[in-house]
Amino acid sequence: MIRKLLYFTIIGALLTGCEAKIEEFKPSGGSANFETIVFVGNSLTAGYRDGALFPSGQRESYPAIIHEQLYKAGLNTKEFKQPYMADEAGLGGRRILGPTQDCLGNISLGPVLSPLPVDVAGNTASIAANGPYNNMGIPGAKLAHLFAPNYGDASLGAGNYNPYFSRIATSSSTNILTEVMGQNPNFVVTWIGNNDALSYATKGGAGDTLTSVAYFTSLVNALGATLYANSQGAICNIPPITAAPFFTTIKPNALTLTAEQVTALNAAYAGYNQAAVAYGFTPLSFEVGNNFFIIQDMNPALANFGGLRQIKANEMLLLSLPQDSLKCAGWGTSKPIPHYYVLDTAEIAAVNAAVSGYNTAIAAVATQHNLALVDMHTLLSDIATSEIRVDGQAFSTTFVTGQLFSLDGVHLTGKGYAIVANHIIKAINSKYGANIPQAIVHDYTGVEFP
């Protein structure tokens, strides 16, 4: 009994003597000045998601999220201005999850165009007088477009100007950088260059070209000299383009065949296979179960063989590929999938080489101007390799259910933009000795199910 009393006495003394101490979070800008902050970029900076730009998405852009954290910390108390669209349909073709019926009559849940009405007049009217805008993310912009005069001049006609920039440009002859520098920013966050590779990739290597590494390097050097001559800031590199679900959702071996279908295809391609073997080409091969689709190949060497072959395991089919054409029009079997819905081995290698070169140039600018370098490439590579958990929720690059990417397969969800915002905040804190609080990812929206 004495031992028990002694035991509880000791425990009680220990408990009363150890009071929980909670360290108070003390926000700080460190050596950085956030008085006037401007964000420069493309659709990813603007808050584009689900195939469109609309106000509720813009409010969850990573610039808006970062400013909210700066505001909460008392590091920037100014109004944060974004050029909001006039309606929730917005600019583009907004997608939501809804019931879809395929050519076989099967009904499933998938991305469909939003039925919301579009305010065409409101979405094209100039709102330059309400600026200047802290969020200068311009959907569709490549790096060269930051310097381009008349980029917002509607009189040039469709395809020759940017309708989003036209809404906020103070004159028809101005360029994006002029609008940015007119604000005399103390701190600039830049994420630009994605479209220099993405536009080529999303078109299957057709209809656009990759910006050469040499030209990109000259442009990003000029960008650094302009934006960061008298400003602090952060610059983000380019993520691995082909890690997005736009390129990974439709698997190259998703052609499922029955025994009857295998027999029919092998018979139909018997002549092709005989000639292919004679000339040293790989014959087409089909078996019961999963098979590789037949694709169009623009290699001149295959011209005499119908310009077709089976896709390789490491090649990619684009999310824009019409699914009904696969199911009911013979694409991938009796007809090759058109090459502009395919990224082949050479095109993937070209995209990766370009992104690598761009990132080398971006890193050099970060060093030269003493900026925080935000490694978006490693962030997305890590998520693509193995999902991450944030605030108890799993995020991956899986289309729809991964919750990182929105319904267009290229742009992020609100939660995805919050993850990006926190990654940028982390880099800024590290570079400038700041203590900016991170956003709570759970507070933002992901893919919304009906």
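Student: Which residues does F34 touch, not counting residues up to four places away in sequence?

Tutor: Keep in mind that this is a predicted model. F34 is among the residues that touch the most other members of the largest nonpolar core. Leaving out residues up to four places away in sequence, the partners of F34 are G29, L70, L75, N76, F187, I428 and I436.

Student: How many residues of strand β1 are buried?

Tutor: β1 covers residues 37–41. I37, F39 and G41 point one way, while V38 and V40 point the other way. In a regular strand, side chains alternate between the two faces of the sheet. Residues on both sides of β1 are buried, and the count is 5 of 5.

Student: Which residue of β6 stands opposite G41?

Tutor: β6 takes in residues 135–137. It runs parallel to β1, joined by 3 bridges. Here the residue opposite G41 is G137.

Student: Is I107 buried or exposed?

Tutor: I107 lies in strand β5, residues 107–113. Not counting residues up to four places away in sequence, I107 touches P99, T100 and Q101. Exposed means over 50% relative accessible area. I107 has 63% relative accessibility, so I107 counts as exposed.

Student: How far from D408 is the nearest side chain of opposite charge?

Tutor: D408 sits in the loop between β17 and α16. D408 is buried, yet has no salt bridge. A salt bridge needs the charged atoms within 4 Å. The nearest side chain of opposite charge belongs to R95, at 5.7 Å.

Student: Which residue's backbone nitrogen does the side chain of D408 reach?

Tutor: Leaving aside neighbours within four places in sequence, D408 is in contact with several residues, including Y48, D50, F246 and L319. Its side chain also reaches a backbone nitrogen at 2.8 Å. That nitrogen belongs to H411.

How values were computed:
Residues are numbered from 1 along each chain as its sequence is written. This is a predicted model: local features need pLDDT of at least 70, side-chain atom pairs count only at pLDDT 80 or more; totals for chains, interfaces and linings use all residues. Side-chain values use heavy atoms; hydrogens and water are left out. A nonpolar core is a set of buried Ala, Val, Leu, Ile, Met, Phe, Trp, Tyr and Cys residues joined through side-chain atoms within 4.5 Å. Buried means under 20% relative accessible area, exposed over 50%, partly exposed in between (1.4 Å probe, protein chains only). Contact means heavy atoms within 4.5 Å. Helices (H or I, at least four residues) and strands (E, at least two) are DSSP runs, numbered from the N terminus. Lys and Arg count as positive and Asp and Glu as negative; His and the chain ends are not counted. A polar contact is a pair of N or O atoms within 3.5 Å; within protein, one must be able to donate a hydrogen and the other to accept it, and residues adjacent in sequence count only if both atoms are side-chain atoms. Two strands pair if DSSP finds at least two bridges between them.
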